[in-house]
Amino acid sequence: MAGKSEAPLDDLMMAMDVVDTLRHEEGQVARELKTDERDTAMVDRLRKVYAAQGIDVPDHILKKGVEDLKRDRFVYSPPAAGFSRTLAMIYISRSTWSKWMAGVFAVLVIAIAAWYFLVKLPEQRAEADLLARIDALPQTYSELVSRVDALTENADIEAEAARIAEDGRLALSDGKNDAAFKAEGDLRQLAANLQEVFEVRIISRQGVPTGITRIPETNPDSENYYIVVEAIDPDGNIINRSILSEENSEAISVDKWGQRVSQNIYDAVRQDKLEDGIVQNGKLGEKRRGELNIKWRSGVRDGAITQW
């Protein structure tokens with residue numbers, strides 16, 4: 001057995017070592033603490049443990065170690081839960097949660113920016129445009145009425161334009177914006193119709209019938225006659241027109257339609273085309289600037305069809 005040597009530790013360090021040794025002997029210590037002479041037994045056991053290691057530990061150090069163990073000295077006890085401890089833990093873990101917070105903040109900023117630029121800003125602009133249009137409507141009415149007056153000398157058309165404008169102003173004063181905008185649209189359409197200039201010409205090209213006949217369901221003993229026509233503007237372009245079909249009461253935009261005519265016109269056009277395959281007198285009607293209606297050749301009837 002090695003010779004005894006003085007412990008190279010001061011009293012505090014020795015006491016700490018004693019406590020640590022006691023913890024390693026926790027099972028034995030627990031049993032000894034249940035005895036009446038637990039302190040003496042613990043000191044004797046410790047003396048033997050250190051003697052076996054060749055360390056001479058004074059009894060007062062051993063006793064002090066036992067007391068420290070019972071008082072949990074040299075044992076770290078976390079601070080009790082509370083606001084201060086919570087703040088301390090938040091501060092200690094800042095390197096972890098700050099990254100998550102930065103990510104969440106970045107996502108939040110992007111989401112708010114996207115919502116503002118894609119939703120809120122367009123809404124604001126649309127609302128601003130709407131208010132600007134509403135504020136400008138009275139002046140718009142006046143300008144459109146003046147345009148109509150400049151396009152026509154027909155007193156009835158001028159009176160109709162004035163009536164539409166007045167209806168729009170009344171709707172505007174009552175806060176009926178939809179009706180006010182409809183009045184604007186009607187005035188614009190009226191002016192556009194007055195500006196239109198075109199000829200209604202008979203189609204005689206290959207692949208398109210020149211004339212069509214129909215036997216109406218309501219009167220099987222009669223026969224309706226139609227000449228297939230198209231509208232040509234001054235530049236020679238075919239233009240679409242909204243045509244109301246008398247067969248189904250449906251108005252559609254078409255580039256050609258069948259205009260109802262008398263049998264005399266139908267027969268004359270048929271004979272004209274049979275002579276050389278071309279309809280020489282091809283103009284069936286004319287729409288002049290400043291007028292709303294087409295001026296037809298004699299014998300053209302009301303009514304049209306859009307399918308055959």
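Which residues of α6 are buried? In this predicted model, the buried set is L121, I134, L137, T140, Y141, L144, V145, V148 and L151.

## The chain as a whole

The protein chain has nine helices and 12 strands. Of its 308 residues, 28% count as buried. Take the contacts between residues at least 6 apart in sequence, and 68% of them join residues at least 24 apart.

## Helix α6 and what covers it

Helix α6 runs over residues 94-151 and has a bend of about 50 degrees at L137. A proline, P138, follows within four residues of that point. L137 is also one of the buried residues of the helix. As for the cover over those buried residues, it includes α7 (155-173) and α8 (177-195).

How do α6 and α7 sit relative to each other, and at what angle do they pack? The angle is about 175 degrees, and the axes are 9 Å apart. Anything over 145 degrees counts as roughly antiparallel, so α6 and α7 are roughly antiparallel to each other.

On the α6 side, the residues that meet α7 are I134, L137, P138, Y141, S142, V145, V148 and D149. Their partners on the α7 side are I157, E158, A161, A162, A165, G168, R169 and L172. Sorted by class, this contact has 11 nonpolar, two polar and three charged residues. L137 and P138, the two residues named at the bend, are both part of the α6 face that meets α7.

T140 is another α6 residue worth a look. Its relative accessible area is 13%, and the cut-off for buried is under 20%, so T140 counts as buried. Setting aside neighbours within four places in sequence, T140 is in contact with E184 and R188.

Then there's A150, also in helix α6. Is A150 buried or exposed? With 69% relative accessibility, A150 counts as exposed.

## Aromatic pairs

How many aromatic pairs does a search of the whole structure find? It turns up two. One is Y116 with F117, an edge-to-face pair with 5.3 Å centre to centre and 80 degrees between the planes. Y116 is partly exposed at 33% relative accessible area, while F117 is exposed at 55%.

The other pair is Y225 with Y266, where the ring centres are 5.1 Å apart and the planes are at 50 degrees, so this one is tilted. Y225 belongs to strand β5 (residues 224-232) and Y266 to helix α9 (residues 263-276), so the pair ties together parts that are 41 residues apart in sequence. Both Y225 and Y266 are buried.

## A few residues elsewhere

S249 has a phi near 60 degrees, a positive value in a residue other than glycine. Where does S249 lie? It is in the loop between β7 (241-244) and β8 (251-254). S249 is exposed, with a relative accessible area of 61%.

R45 is in helix α3 (residues 38-52) and is partly exposed, at 30% relative accessible area. E286, in strand β10 (residues 283-287), is partly exposed too, with a value of 24%. Leaving out neighbours within four places in sequence, E286 is in contact with F198, E199, N293, I294 and K295.

| Pair | Apart in sequence | C-alpha to C-alpha |
|---|---|---|
| R45 and L62 | 17 residues | 9.8 Å |
| E286 and V200 | 86 residues | 5.8 Å |

How values were computed
Residues are numbered from 1 along each chain as its sequence is written. This is a predicted model: local features need pLDDT of at least 70, side-chain atom pairs count only at pLDDT 80 or more; totals for chains, interfaces and linings use all residues. Side-chain values use heavy atoms; hydrogens and water are left out. The bend at a residue is the angle between axes fitted to the seven residues ending there and the seven starting there. Buried means under 20% relative accessible area, exposed over 50%, partly exposed in between (1.4 Å probe, protein chains only). Contact means heavy atoms within 4.5 Å. Axes are lines fitted to C-alpha atoms, for helices over the stretch in contact, and angles run from 0 to 180 degrees between N-to-C directions. Angles under 35 degrees count as roughly parallel, over 145 as roughly antiparallel, 65 to 115 as roughly perpendicular and the rest as oblique. Ala, Val, Leu, Ile, Met, Phe, Trp, Tyr, Cys and Pro count as nonpolar, Asp, Glu, Lys and Arg as charged, and the others, Gly among them, as polar. Rings of Phe, Tyr and Trp (its six-membered ring) pair if their centres lie within 6.5 Å; planes under 30 degrees apart count as stacked, over 60 as edge-to-face and the rest as tilted.
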